[in-house]
Amino acid sequence: MKKITSLVLGFIFIFCLIGCSNISDLPDILNSEIPYIQQTQNTDIDKPQTTDIADNTDFAVHFIDVGQGDAALILCDNKSMLIDGGKAQVSDIIYTYLKKQNITHLDYLVCSHADADHVGGLSGALSAVSVDTVYAPKTEADTKTYQNFKRKVQEQNLEIQHPEHGSSFDFGSSTVKVLAPVYEDENDRNNSSIVLKIIYGSTSFLFTGDAEDKSEKAMIEQGYDLSADVLKVSHHGSAGATSYRFLREVLPEYAIISVGKNNYGHPTEKVLSLLRDAETKVYRTDLQGDIIVRSDGSNVSVDVSRNADIDTLKP
């Protein structure tokens, strides 16, 4: 309903501008940085936005509490994917969590980018389970943490693959679309983050790594459909990401912030305020521990480890 309302408001806003402007002024108006107008120009080249799901299928995302970092285990039918693994110090948490879920094999392991709080714990995962496919951006890091990750990949006789934006692949009954990086910059690992949109039935999930404003703008300019029911908030709620324009494109019902306690001022008041204004229900690992989001293909539900009723919109 929020998405329909926003689209209607966009058209009304355009007509008001036209009524108050000379015809000669219209090209400048339509090329301006007005979020509502930009949203109506989405080319939707990324369709279709639903997948067919058979009976007895299931979909769940486990946002694992790894402190200041990201880690998400996605399960669909008999397939599994791990996106990021937190810092190296939490490798045991990743190892234990996979064992508790009886995961002995991952179909996909994704390093969104080479920062230590995303790649560190993936070495623990690679020590615990076998993996079919490993994805990471071309932009690497000359750090011990990242080199350990590469060594663990090599020990499984695998090569790191670099997915191209605009590509997609099947994941059980769901479809995974690669939306970023649209470009890579060896001096900007955050904006080189892999961004994935997973579509299960008529529900969708957006995983953004630490993608910041430049990457968000690039995805919008590609014309990708960024709308999603669930948004993994980028960069732990940093002020440099989740711009107003980007959030207007996503319009999530739920937002997950993976963040540690008292770390770098995350999440920021700016991002929390934007999510509040968007009437998005926010969940946080620092306040609520592990967060499990499930979909039946039509509806999404969320379970938390603790503090289900806590105010998550306070910085």
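I take buried to mean under 20% relative accessible area, exposed over 50%, and partly exposed in between, with a 1.4 Å probe and protein chains only.

The model is predicted, so to speak of local features I need pLDDT of at least 70, and side-chain atom pairs count only at pLDDT 80 or more, while totals for chains, interfaces and linings use all residues. Residues are numbered from 1 along each chain as its sequence is written, and side-chain values use heavy atoms, with hydrogens and water left out.

Entry: whole chain. I find that 57% of the 315 residues count as buried. I took accessible areas from the Shrake-Rupley method with a 1.4 Å probe, where for residues only the protein chains shown count as cover. The chain's accessible surface is about 13,900 Å², and carbon and sulfur atoms hold 48% of that. I list 11 helices and 15 strands, read as DSSP runs numbered from the N terminus (helices H or I, at least four residues; strands E, at least two). I counted a contact as heavy atoms within 4.5 Å. Of contacts between residues at least 6 apart in sequence, 68% join residues at least 24 apart.

Entry: cysteines. I searched the whole structure for disulfides (cysteine sulfur pairs within 2.5 Å) and found zero. Cysteine 76 is buried at a relative accessible area of 0%, and cysteine 111 is buried, with 0%.

Entry: lysine 281. I place this residue in strand β13, residues 281–284. Lysine 281 is partly exposed, at 38% relative accessibility. Leaving out residues up to four places away in sequence, lysine 281 touches Glu253, Tyr254 and Ala255. Glutamate 253 is 28 residues from lysine 281 in sequence, and their C-alpha atoms are 6.2 Å apart.
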